[in-house]
Amino acid sequence: MADKKFFVTTPIYYISGNPHIGHLYTTTAADIMARYHSLQGSKVLFTTGSDENSQKVVQAAEKQGVSVTEYVNKEAEKWKQYFAQFHIQYTRFIRTTDQDHLDVVQSFLMQLKEKGFIYKGNYEGWYCVDCESFWTDKEVEDGICPDCHRSIRRVSEENYFFRLSAFQDQLIQFYHDNPTAIEPLSRYNEVISMISGGLRDISISRHSQEWGIRFPFDSEHVLWVWFDALLNYITVCGYREDPTSFSYWWPADCHLMSKDIIRFHCVIWPAMLMALDIQPAKKVYVHGWWLTDGEKMSKSKGNIVDPTKVIEELSNVAGISKSLSADVLRWFMFRETTFGEDAVFSMQRLLDRYNYDLANDLGNLIHRVSSMAKQYTQGNVPEGTLIDDEKCQFQNFIEQYTACMTENRFKDAIETTWTLLRKCNKMIEEYKPWELAKKEDIQPLFDLLYTLLEGIRCAGIMLIPFMPVFSQLVLDSFVEQKENQLNLGILRTHQALAFPPVFFPRVKKTTKSEKKNEETPKESPKDEVYCTIDEFSKFDFRVAQIIDAQKHPNADKLLVLKVQVGEHQKQIVAGIAKYYEPQDLIGKKVVIVNNLQPVTLRGEKSEGMVLCASHKDHLSIVSPENVDMVCGARVK
Ligand code: ME8
């Protein structure tokens, strides 16, 4: 077996409903990691799948008038095809109705029982079928689920319980010893406070249910779907069937997911493993949400962006294949979002980026260089050498890219690739090949062309994780060179080049669907009141980090924020409660007006103002583009 290995997982999805851009985002992120690590020479295990033992599928099957088995078989196939459309190359798509998974679950339950971590008791409380979650009386108001805000049922039944409370200290110790086990840091802090707040034993069975995995020691009880779902992560690497494989792969390097399911993954899951002396996963990596109108996009709310429609539209307006359009969407999702933060999808934005980055920077470069090769070297790679790295800086870009990919900073990795591409375009302007071609000594022209082709080859490799189909087309254009190594100067001379004439034709028109949705705010001339630079310089704008956020005790619309500005902390009251949950703000970098006259708002002192952009019913906090910008930095 290879020395280097990488094991990444996505959540297994509830398949009762069509996949949307949120599911695609997580799964593509895992695919990007898997492809990158594979390029680095690691052996990779990448798993995704379907969570099939839930009540939701029973309801959905009933609605369609088919058996549950028939329903899940059909839906699982649909999700697999959906992911294939986006070039997702998982190692295994696990279904929780797979036999090896049932075996794992039953064996796990038996062992927990033998060790005394499962006991029978009475459960009195609430259950939300949509979230598949238990809630206490304290958490539920007026029979409404605190998470999805739908009506939920009160349950009173005999249940099996898992002794979660026994693991509080061990969990705290684990996170203390492994401070990067949850990223980003704001989520780590959230989990620590969840655990420190005290852990109760949890009910893990449902009595009156038909569908689901039965307890091996009590066939009247069906296992709570989350308990079964989490175990998929050890089924996929051979927990019961293949101990050698299990000890090779486990613990997983990365569990990927969005922020809504961290309690299950960072509290319950590690405790379940600890109960059987199995190590928790090395890292839980939590990304933000794709939002619609400020709300989480979700299947059950129906407010979704359907990626298959997006690529159909792109393919129509740009005249490129659906397969290439799928690549563009993959790339765009990570070009646009800082991994970890929330995002809003806009078709117009995708088309703008397509034109600027793909048609202009990337497409033009390839077109120009391939035309030069046709004109000056019969369409072959010339006998040249790489221009001095101080001038082309390719080595520097490759190192930056590698650092970004290792730290899952995908947006920065893409940005670095574009810095390289833009550098190539700039070199064409600076070195003027059309003038070099007139000179007697043709070597400088050959060196330039060789360097540009090497730049394109390297960019092709750097884009493999994001745009695998496009990258393959680029790399196949180097007819004789089949290895994908990100080493400079290995481009083989004299080989033929076979670039397609155009990769990304420019898109001319705004799409209809966007025109409807994207009204830009009008700036009427009479609103333009100029301020002098002296007036402006009186404002002290600073980068600050939110270290605590609470609801205002006396006002629904306000949040009370504690922010760190340089070495100081201050309190700011902000009218953003309608748009942000307090816990989602912790750790966020924002821009504040630091020298605003302090005031007291409904009894709470406010010593500044957080800058926000707002339009109609939308509001978005202004943050520094680079999340590493230091707190206290002046904004000017
Ligand atoms: O929670 N933005 O399944 P699920 C970003 N079966 N990502 C999103 C998203 C959004 N608006 N909506 C969904 C379950 N996701 C359980 C998981 S795992 C042992 C069991 C992505 O179908 C994101 O990764 O509700 C989120 O964690 C996952 O889909 C939830 O999928």
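Residues are counted from 1 along each chain as its sequence is written. Since the model is predicted, local features need pLDDT of at least 70, side-chain atom pairs count only at pLDDT 80 or more, totals for chains, interfaces and linings use all residues, and side-chain values use heavy atoms, with hydrogens and water left out.

Let's start with confidence, given as pLDDT (the predictor's confidence in each residue, from 0 to 100). The chain averages 91, and 95% of its residues reach 70 or more. One stretch is another story: over residues 512–518 the pLDDT stays under 50, and the model has 7 contacts there beyond four places in sequence. A contact here means heavy atoms within 4.5 Å.

Next come the sheets. Helices (H or I, at least four residues) and strands (E, at least two) are DSSP runs, numbered from the N terminus, and two strands pair if DSSP finds at least two bridges between them. In general, strands of a sheet pair through backbone hydrogen bonds, either parallel or antiparallel.

Helix α2 (residues 55–64) has Q55, K56, V57, V58, A60 and A61 buried, where buried means under 20% relative accessible area, exposed over 50% and partly exposed in between (1.4 Å probe, protein chains only). The cover over these buried residues of α2 includes α3. At the start of α2, a side-chain oxygen of S54 comes to within 3.4 Å of the backbone nitrogen of K56. After α2 comes G65, with a positive phi near 70 degrees.

A second open sheet has 3 strands in the order β15-β14-β16, this time with mixed pairing. Its edge strands, β15 (295–296) and β16 (343–344), each pair on one side only. β14 (residues 290–292) pairs with β16 in the parallel sense over 2 bridges, and L291 has V344 in β16 as its bridge partner.

Further along, 6 of the 7 residues of β18 (residues 559–565) are buried. β18 runs antiparallel to β17 (residues 541–551), joined by 6 bridges, with Q550 partnering V560 in β18. The hairpin of β18 and β19 has 2 residues between the strands, and G566 takes a positive phi near 55 degrees in it.

Finally, the ligand is surrounded by 26 residues, the closest being I12, T26, D51, W290 and M297. A backbone N or O atom of I12 lies 2.8 Å from a nitrogen atom of the ligand, while one of Y14 lies 2.9 Å from a ligand oxygen. A polar backbone atom of G22 is 3.5 Å from a nitrogen atom of the ligand.

Note on methods: Polar contact = N/O pair within 3.5 Å; in protein donor to acceptor, adjacent residues only side chain to side chain. Near = heavy atom within 4 Å.
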